[in-house]
Amino acid sequence: MKQTVYIRKDLETAWQNQDCFDLLAKQQGDIYRDKEGRRTLRFTLNGHSYFLKYHAGVGWGEIVKNLLQFRLPIISAKNEWQAIQRFHQLGIGTMTLAAYGERGSNPAKRHSFVVTDDLVNTMSLEDLGKQWRYNRPDFQTKQILIEKLATMSRAMHQAGINHRDYYLCHFLLTDTFADTNVIEADTAVFLIDLHRAQQRRKVPRRWLVKDLGSLYFSAHEVELTQRDLYRFMKTYSDKSLRKIVEQDLAFWRKVEQRAQVLFAKWQGQNAS
């Protein structure tokens, strides 16, 4: 049977040559997701915290349903571990791999997993945005964070990667911010949940629009000024505002339209 496995030394020692697929299929922990053939959970081993995503095969029904909806089905954890590896090559903050594996040729019954170190003592940028509603950051903190997000977005997209779930809730930074309300140039920001990420030679324009529109929508609870938006656009494009207006205005209008569509949908779902 076709099989790919990587296990870092700390887990290899702890598991003592047990079958990692059987072991992880039964792994207990704090469950975050358990449906459509995929379990996501956090577990602790020898005092260290890990995240596990275990794919037990989605079945042909789920594959066909996704294809009929013109969506690529997620049939393996391989997509995520390859994206993590590529992010590390690019120097983009993300999770650290502790183990991964894939077994079987049948795409409907393929078993796979990815184990990463838990990013402890972090908070999501979605939570940060809510905090800013009553505890406004100083100008420099806001400027640094906008530039960090724009730089990460540019590096990812220029490398031919689009996230497909590009919301503030999937960015983490150290939770000391909750006390200090300050972000500095060396503050680490991590992008997680890469299981839907796509890798190509070049990201098609429509997927760039979807990523950036989703990010913009997810910041709707943050009080962003026009200057904040211009700063993101200039850093992401690596162009002056004048050149953006001359060359990229139609693109950024598409991004805004995408955000507006998502916002209207969100309003409909949250209407009283």
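Predicted model: local features only at pLDDT ≥ 70, side-chain atom pairs only at ≥ 80, totals over all residues.
Three bridges join β9 (residues 171–174) to β10 in the antiparallel sense, and Phe171 stands opposite Leu191 in β10.

Side chains of opposite charge can pair when their charged atoms come close. The model has 15 salt bridges. One of them links Arg42 and Asp30, with the closest N and O atoms 3.8 Å apart. Arg42 belongs to strand β3 (residues 38–45) and Asp30 to strand β2 (residues 30–35), so this pair ties together parts that are 12 residues apart in sequence. Arg42 is partly exposed, at 27% relative accessible area, and Asp30 is also partly exposed, at 44%.

A salt bridge also forms between Glu80 and Lys53 (3.1 Å, N to O). Because Glu80 lies in helix α4 (residues 78–90) and Lys53 in strand β4 (residues 48–55), the pair ties together parts 27 residues apart in sequence. Both Glu80 and Lys53 are buried.

In the salt bridge between Arg136 and Glu223, the closest N and O atoms are 2.6 Å apart. Arg136 is in the loop between α5 (125–132) and α6, and Glu223 in the loop between α8 (205–218) and α9 (226–237), so parts 87 residues apart in sequence are tied together. Arg136 is exposed, with 57% relative accessibility, and Glu223 is exposed at 53%.

Note on methods
Residues numbered from 1 in each chain as written. Heavy atoms only, no water. Pairing = 2+ DSSP bridges. Helix = DSSP H or I, 4+ residues; strand = E, 2+ residues; numbered from the N terminus. Salt bridge = Lys/Arg side-chain N within 4 Å of Asp/Glu carboxyl O. Buried < 20%, exposed > 50% of the residue type's maximum accessible area, 1.4 Å probe, protein only.
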